[in-house]
Amino acid sequence: MIQRRIIFTSILFLFIFTHTQSREKQNPFTFNASYVGDGVANMYGGIKTGAVYLGMGNITVSFDTEKARLWKGGELYLNGASIHGASPTEKLVGDFQVVDNIDGGNHSYMHEIWYKQAFGNFSFTAGLQDLNADFAVSENGGEYINSSFGISSLISNNIPAPIFPLTALGLSFQWDIAPHFSWLGAAFDGVPTDFDDNAYNLNWELKKDDGVLVFTEFQLPNLFKFADGTIKFGGYYHSKLVVENEETHEDETVFNKNFGFYLVADQNIKEWDNGCRLSAFIQGAVSPKDENAHNFYAGAGLNFYAPFKRKNDAVGLAVAHAGFHEGVHKHETAIEAFYKIQFTENISLQPDIQYVINPSGTDENLKNALVGILRFKLEF
């Protein structure tokens with residue numbers, strides 16, 4: 001509790017300092033804060049009907065070395081997070097892909113602490129990082145609440161990836177080779193230290209048996225002249241995973257040399273003079289059957305921006321499919337529709353509905369689930 005107070009008191013102090021200095025022309029500090037709240041109700045099927053509430057607060061501070069008149073291209077970034085609430089997946093739905101992307105338990109911790117240095121068209125980042133901030137991320141998919149539209153369930157479930165809620169130490173880089181071609185790479189601690197031994201994500205342990213996780217991604221932005229869009233394709237390699245058996249307390253090897261490949265594409269289809277825009281996205285991922293029961297994933301969606309002459313609103317429909325080749329799991333498909341109402345620059349409300357076919361997060365055969373979510377977001 002004392003460490004938690006120290007962390008967030010320090011971030012709050014930085015907020016007050018940067019806010020009071022915000023009128024200076026070259027203030028090197030940038031502050032942002034946000035809170036997301038989700039009311040989630042399972043209306044039919046799954047484990048049982050009922051409702052829960054989830055919340056997530058973030059406070060971020062960045063420091064620009066060039067604005068501080070130190071050196072060019074440097075940025076120090078801190079992201080403190082506090083998440084709370086009951087899990088709709090565990091308590092109500094029983095799905096595999098996780099219907100709510102802020103479902104992460106009850107923790108107050110440091111989500112990211114990293115330093116980035118840019119040299120022309122090349123940059124590297126070192127520190128506590130969220131893999132999904134740069135890799136395997138879809139801009140249009142990020143509008144949805146189901147977790148698979150953020151990063152595919154194949155990546156988040158087959159390997160201990162450093163993503164929400166638990167990040168890990170890593171070194172990443174980006175090289176913008178040409179106007180329409182970039183290469184990203186990263187190496188992370190193979191197993192993020194669990195919250196049980198790392199309550200505030202400040203107790204990092206690099207162990208030999210954790211192995212190493214390597215990602216590489218190629219990005220092709222704006223290939224087509226008729227509309228903006230980005231194609232991303234990449235792969236990952238995890239050297240090994242060893243865990244302790246809870247009954248025998250002996251180490252057991254889960255896998256050696258696990259890997260996979262993925263594709264993410266965002267594309268604007270049509271833009272109108274009144275500001276309306278129709279965009280689409282697709283996602284795909286595969287991994288070897290001999291190491292992973294969940295060996296393929298596919299997702300796609302359509303987003304329409306500025307409907308009903310409301311330039312900051314958005315509406316969307318998407319499908320996420322998690323495929324299994326063996327075991328008790330059936331293929332799970334989640335269909336999601338939302339309407340995001342942007343009242344002001346800082347306040348939004350997002351009604352959301354999901355239909356989960358064959359919820360496969362438990363060993364039971366569950367009925368298809370109908371889930372309603374009402375999300376609000378405050379940004380400062």
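Analyst: Start with burial: buried means under 20% relative accessible area, exposed over 50%, and partly exposed in between. Keep in mind that this is a predicted model.

User: Why is Asn 201 called buried?

Analyst: Its relative accessibility is 1%. The cut-off is under 20%. Asn 201 therefore counts as buried. Asn 201 lies in the loop between β7 and β8. Its phi is near 55°, a positive value in a residue other than glycine.

User: What makes Asn 358 buried, partly exposed or exposed?

Analyst: Asn 358 has a relative accessible area of 24%. Asn 358 sits in the loop between β15 (347–357) and β16 (367–379). Asn 358 also has a positive phi, about 60°, although it is not a glycine.

User: How do you know whether Asn 292 is buried or exposed?

Analyst: The relative accessible area of Asn 292 is 3%. Under 20% is buried, so Asn 292 is buried. Its place is in the loop between β11 (277–286) and β12 (294–305).

User: Which side chain makes a polar contact with the side chain of Asn 292, and why does the pair count?

Analyst: The partner is the side chain of Ser 287, at 3.5 Å. A polar contact needs N or O atoms within 3.5 Å, one able to donate a hydrogen and the other to accept it. The pair therefore counts as a polar contact. Beyond four places in sequence, Asn 292 touches Asn 158, Asn 258, Ser 287 and His 325.

User: Why does Asn 146 count as buried?

Analyst: Asn 146 has 1% relative accessibility. The limit is under 20%, so Asn 146 counts as buried. Asn 146 lies in the loop between β5 and α3 (153–158). Its side chain reaches the backbone nitrogen of Ser 148 at 3.0 Å.

User: What does Asn 146 touch, not counting residues up to four places away in sequence?

Analyst: Asn 146 touches Gln 97, Val 98, Val 99, Ala 334, Glu 336 and Gln 354. As a distance check, Asn 146 and Ile 353 are 207 residues apart in sequence and 9.9 Å apart in space, C-alpha to C-alpha.

User: Why is Thr 65 classed as buried, and what does its side chain reach?

Analyst: Thr 65 has a relative accessible area of 2%. Buried means under 20%, so Thr 65 is buried. Thr 65 is found in the loop between β2 (50–64) and β3. Its side chain reaches the backbone oxygen of Trp 71 at 2.8 Å. Its contacts beyond four places in sequence include Leu 70, Gly 74 and Tyr 115.

User: Is Asp 189 buried or exposed?

Analyst: Asp 189 has 9% relative accessibility. The cut-off is under 20%, so Asp 189 counts as buried. Asp 189 is found in strand β7. Asp 189 and Asp 210 are 21 residues apart in sequence, with 7.0 Å between their C-alpha atoms. Asp 189 touches Asp 210, and Glu 205 is also among its contacts.

User: What makes a set of residues a nonpolar core?

Analyst: The members must be buried nonpolar residues joined through side-chain atoms within 4.5 Å. The largest nonpolar core has 29 residues. Leu 131, Ile 155, Ile 159, Phe 215 and Tyr 262 touch the most other members. Among the elements that give two or more residues to this core are α3, β8 (212–221) and β10 (251–271). A second, separate core of ten residues includes Val 40, Val 52, Val 93 and Val 371.

User: What is the volume of the second largest pocket, and which residues are closest to its centre?

Analyst: The second largest pocket has a volume of about 260 Å³. Of its 17 lining residues, Lys 116, Thr 125, Gln 129, Asp 134 and Ser 172 are the closest to the centre. β5 gives the most to the lining, with four residues. The lining divides into seven nonpolar, five polar and five charged residues.

User: Which peptide bond is cis?

Analyst: The bond from Phe 164 to Pro 165 is cis, with omega near 5°. Pro 165 is found in the loop between α3 and β6.

Conventions. Residues numbered from 1 in each chain as written. Predicted model: local features only at pLDDT ≥ 70, side-chain atom pairs only at ≥ 80, totals over all residues. Heavy atoms only, no water. Buried < 20%, exposed > 50% of the residue type's maximum accessible area, 1.4 Å probe, protein only. Contact = heavy atoms within 4.5 Å. 1 Å grid on protein atoms, 1.4 Å probe; cavity = no way out; pocket = protein on both sides within 12 Å on 5 of 7 lines; lining within 4 Å. Points joined across faces, edges and corners; volume = space filled by probe spheres on them. Nonpolar A, V, L, I, M, F, W, Y, C, P; charged D, E, K, R; others polar.
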